[in-house]
Amino acid sequence: MNPSLEKSWKTELSQEFQKDYFKILKKKILQEKARTAVFPNRINIFKAFELTPLSDVKVVILGQDPYHDKGQANGLCFSVNENISQPPSLKNIFKEIKNDLKIELPISGNLERWANQGVLLLNSILTVSKNQAGSHKNFGWENFTDKVIQIISNKKENIIFLLWGKFAQSKLSIIDSSKHHILVAAHPSPFSAHSGFFGCKHFSKTNQILYQLGKQQIKW
């Protein structure tokens with residue numbers, strides 16, 4: 001797992017790869033790989049950074065960890081590869097977009113189209129073992145992705161953070177709310193979507209903020 005990051009991210013994050021926690025993280029992932037499959041595949045672990053350079057970031061969506069079934073995870077939170085059936089949380093995200101923006105449900109669950117427009121689709125934990133949700137929690141990824149959030153918060157202005165669920169909202173303390181826009185809602189999981197995700201209108205609200213900032217709106 002030797003990260004080949006996009007240039008702007010590499011400039012900001014290169015020191016992280018030399019830290020003790022990251023060396024331990026790599027060792028733990030190698031141990032897992034010797035035992036079982038680890039997702040996403042190695043070339044996609046840092047895909048969110050490849051597709052959305054720091055200079056392009058307009059919106060940040062925070063997830064927890066990758067999907068753990070074979071073929072699902074592609075390095076972007078909530079996203080799945082082409083021709084993979086959409087998991088329940090993603091289906092609910094698309095339902096909210098349809099109701100919010102009055103557009104048709106997309107066929108593909110691959111969210112690269114969002115990433116290419118400046119939506120950083122960031123999981124807090126970037127790897128997972130097959131069929132074991134949350135299995136790489138506390139491996140060290142949280143240190144790395146918290147640093148990413150802090151860099152965005154410190155270096156940029158008027159970023160829109162979409163924080164769905166308690167886990168994402170636990171990152172509120174590392175985001176400067178005086179210079180960024182923070183939208184919170186329940187998680188889109190079937191267990192909580194009816195408790196405040198449906199009807200949150202985060203997609204139209206995001207585009208309204210971008211419009212007011214004179215920025216290109218997102219084609220959700």
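**Close-up views of a predicted model**

**View 1. Helix α6 from end to end.** With its 15 residues, helix α6 spans 21 Å from first to last C-alpha, close to the 21 Å expected at 1.5 Å a residue (the expected span being 1.5 Å times one less than the number of residues). Helices (H or I, at least four residues) and strands (E, at least two) are DSSP runs, numbered from the N terminus. This is a predicted model, in which local features need pLDDT of at least 70 and side-chain atom pairs count only at pLDDT 80 or more, while totals for chains, interfaces and linings use all residues. Residues are numbered from 1 along each chain as its sequence is written, and side-chain values use heavy atoms, with hydrogens and water left out.

**View 2. The buried residues of α6.** Here you can pick out W141, E142, F144, T145, V148, I149, I151, I152 and S153, the buried residues of α6 (buried means under 20% relative accessible area, exposed over 50%, partly exposed in between, with a 1.4 Å probe and protein chains only). They pack against α1 (7-13), α2 (20-35), α3 (47-51), β2, β3 and β5; contact means heavy atoms within 4.5 Å.

**View 3. An open sheet of four strands.** The strands follow the order β3-β2-β5-β6, with parallel pairing (two strands pair if DSSP finds at least two bridges between them). At the edges lie β3 (119-123) and β6 (181-185), each pairing on one side only. On average, neighbouring strands are turned by 20° against each other, direction ignored. Axes are lines fitted to C-alpha atoms, for helices over the stretch in contact, and angles run from 0 to 180 degrees between N-to-C directions. Helix α6 (residues 141-155) packs on this sheet, touching β2, β3 and β5 (160-164), and its direction makes about 150° with that of β3.

**View 4. Strand β2 beside β3.** Five bridges join β2 (residues 59-63) to β3, and the two run parallel. Look for L62, whose bridge partner in β3 is L122.

**View 5. Helix α4 against helix α8.** The axes of α4 (residues 88-101) and α8 (residues 202-212) are 8 Å apart and pack at an angle of about 60°. α4 is therefore oblique to α8 (angles under 35 degrees count as roughly parallel, over 145 as roughly antiparallel, 65 to 115 as roughly perpendicular and the rest as oblique). From α4, I93, E96, I97, D100 and L101 meet H202, F203 and S204 of α8.

**View 6. I93 and its surroundings.** I93, in helix α4, counts as buried because its relative accessibility is 0%. Leaving aside neighbours within four places in sequence, I93 contacts F78, W114, W164, P188, F197 and F203.
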